[in-house]
Each structure stands twice: as C-alpha cells, then as structure tokens.
Amino acid sequence: MAYIGWSVQDEAGAQAVAERVAAYGLSVSRAQPEECAERRVEGFYWFKDPSGFRHELSWGQFHTVAAFHPGRAISGFRTAEQGLGHVVLAVQDLDEGDRFYRDVLGFHASDIVRDGPLVAHFYHINGRHHSLAISALPTREVAFLHLMIEVNALDDVGTAHDICLQREIPITTTLGKHSNDHMVSFYMYTPSGFRLEYGWGGLDVDHDLWIPRTYDKPSSWGHRRQHAELTALKLDEPAQG
Ligand SMILES: [Fe+2]
C-alpha cells in the first residue's frame with residue numbers, strides 16, 4: 001500500500017492538521033505540483049505516522065462531470081460525503097496509535113472491540129461509522145489488514161460473492177455481520193495481494209449524539225476466517241498491479 005488519502009475540507013484545514021503532526025515530531029512535506037496533478041487534487045501534505053504508514057491530507061479534489069458507469073450491473077457504491085470506505089491497520093503500538101489518530105489527526109472514537117487477544121479501536125471522521133480502525137498483532141508487526149468498500153444494495157454483495165466463488169477468488173472471511181457498524185460483508189483476497197471487505201448496510205453515526213461503546217466480539221454472526229495462508233499486506237510489500 002503506497003498511501004492513505006484523507007480529504008480535508010480546505011487548505012487551511014489540511015495545514016492545521018499538518019502543523020499538529022509536525023508538533024508531534026513527525027516530518028511533514030507539502031506535495032509538489034506534479035504530485036498534486038497525479039492525485040487530481042489542488043494540494044496535499046504528506047507524512048509517515050508512528051507505525052510508518054504514509055498519509056496524505058489533500059484539499060480541492062477534482063471532479064469530472066460525467067455519469068458513473070460500473071463494470072457490471074450494480075446499484076452503486078456508497079462514497080461521496082463518506083469517502084471511499086474504510087481501512088484497517090495493524091499498528092506497532094495500539095495506545096500510541098490511539099493517541100495519535102485522536103489527538104493529532106482529530107479522529108473521533110466510534111467504539112472498541114475487545115475479544116480475547118483481539119483489541120481494535122474504530123474512528124469516524126464523517127457519517128460513516130468508521131473510516132479507520134487499528135489493531136495490534138501479537139508480533140507487533142505493522143500491516144495493512146483490509147480496505148472496505150460499501151455498495152448500495154445487499155444484492156450487490158451477494159452477486160459479488162457469487163463471482164468470487166465462480167472465479168475461485170479466495171474468500172478470507174465468510175459472509176457475516178459486524179457487531180458495531182452492522183455491515184453485512186465478506187472479505188476477498190484481491191489479485192493485488194490485499195484483503196478487500198465488500199459490504200452493505202453500514203451504520204451512520206451522528207457525531208453529536210454518539211456514545212462510544214465496547215463490544216465483546218467483532219461480528220454478530222458469520223465472518224469466519226479462512227485461508228490463513230493468505231497473510232495481510234506488510235508495509236514493505238507494495239501491492240502488485
Ligand atoms: Fe472492515
């Protein structure tokens with residue numbers, strides 16, 4: 001994984017976050033015009049977080065006035081004001097990560113899952129229940145655990161599931177429903193070597209009314225892990241293709 005892009009409202013907002021990151025002691029750079037053109041944004045700052053993940057804080061995303069044409073007949077993706085989806089990272093130190101994402105980047109706690117050795121913190125920055133979740137592996141190894149994209153209809157999840165079975169794309173987590181964000185999803189192992197969660201029905205959060213909870217398990221049903229041989233993408237292993 002090359003970077004995680006966060007769209008900030010405007011340049012002043014991105015600069016304010018960049019200043020907090022610098023005050024935390026991390027090196028922050030402002031992107032060159034060629035890099036901004038490549039990302040199709042007006043500008044961005046970038047830095048590597050305490051675990052070594054590269055984040056980009058951009059503003060002024062370019063928009064093309066054209067209808068979206070999906071590659072197959074689906075209802076569409078739930079993106080827009082909720083962003084692309086969510087990412088889940090295995091960080092080096094969970095407490096340090098929690099402080100960094102909340103106090104420095106300004107993410108809001110959604111909830112925590114504590115299930116035996118599994119501890120995961122979930123954060124929201126818009127109406128999506130979580131745009132980021134972090135966990136720590138027993139080995140303290142840093143890894144990109146998965147990317148989630150959400151579709152507008154349960155049928156789209158079902159037809160994607162059929163396609164994975166037909167094409168023998170490994171399903172690393174079976175169909176299930178998450179306890180905290182209510183997402184009905186399954187996880188596939190993409191040809192680029194990372195796990196992709198494909199889901200529907202994610203919970204919206206109203207930040208002003210939200211009270212973080214702690215859950216005793218990540219899923220209310222399903223989500224059985226399989227294909228343990230297909231490991232998470234490590235930081236020094238760029239995705240192919
Ligand atoms: Fe997820």
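A contact means heavy atoms within 4.5 Å. Among contacts in the chain between residues at least 6 apart in sequence, 63% join residues at least 24 apart. This is a predicted model, in which local features need pLDDT of at least 70, side-chain atom pairs count only at pLDDT 80 or more, and totals for chains, interfaces and linings use all residues. Residues are numbered from 1 along each chain as its sequence is written, and side-chain values use heavy atoms, with hydrogens and water left out.

The chain has four helices and 15 strands, taken as DSSP runs (helices H or I, at least four residues; strands E, at least two) and numbered from the N terminus. Of its 241 residues, 44% count as buried, that is, under 20% relative accessible area with a 1.4 Å probe, protein chains only.

The structure holds nine aromatic pairs. Rings of Phe, Tyr and Trp (its six-membered ring) pair if their centres lie within 6.5 Å; planes under 30 degrees apart count as stacked, over 60 as edge-to-face and the rest as tilted. Two of the pairs are tabulated here.

| Pair | Centre to centre | Between planes | Class |
|---|---|---|---|
| Phe-47 and Phe-100 | 6.1 Å | 65° | edge-to-face |
| Phe-186 and Tyr-198 | 6.3 Å | 50° | tilted |

Phe-47 in strand β3 (residues 41–48) and Phe-100 in helix α3 (residues 94–104) are 53 residues apart. Phe-47 is buried at 0% relative accessibility, and Phe-100 is buried at 0%. Phe-186 lies in strand β11 (residues 184–189) and Tyr-198 in strand β12 (residues 195–200), so this pair ties together parts 12 residues apart in sequence. Phe-186 is buried at 0% relative accessible area and Tyr-198 is buried at 7%.

Terms used: Buried < 20%, exposed > 50% of the residue type's maximum accessible area, 1.4 Å probe, protein only.
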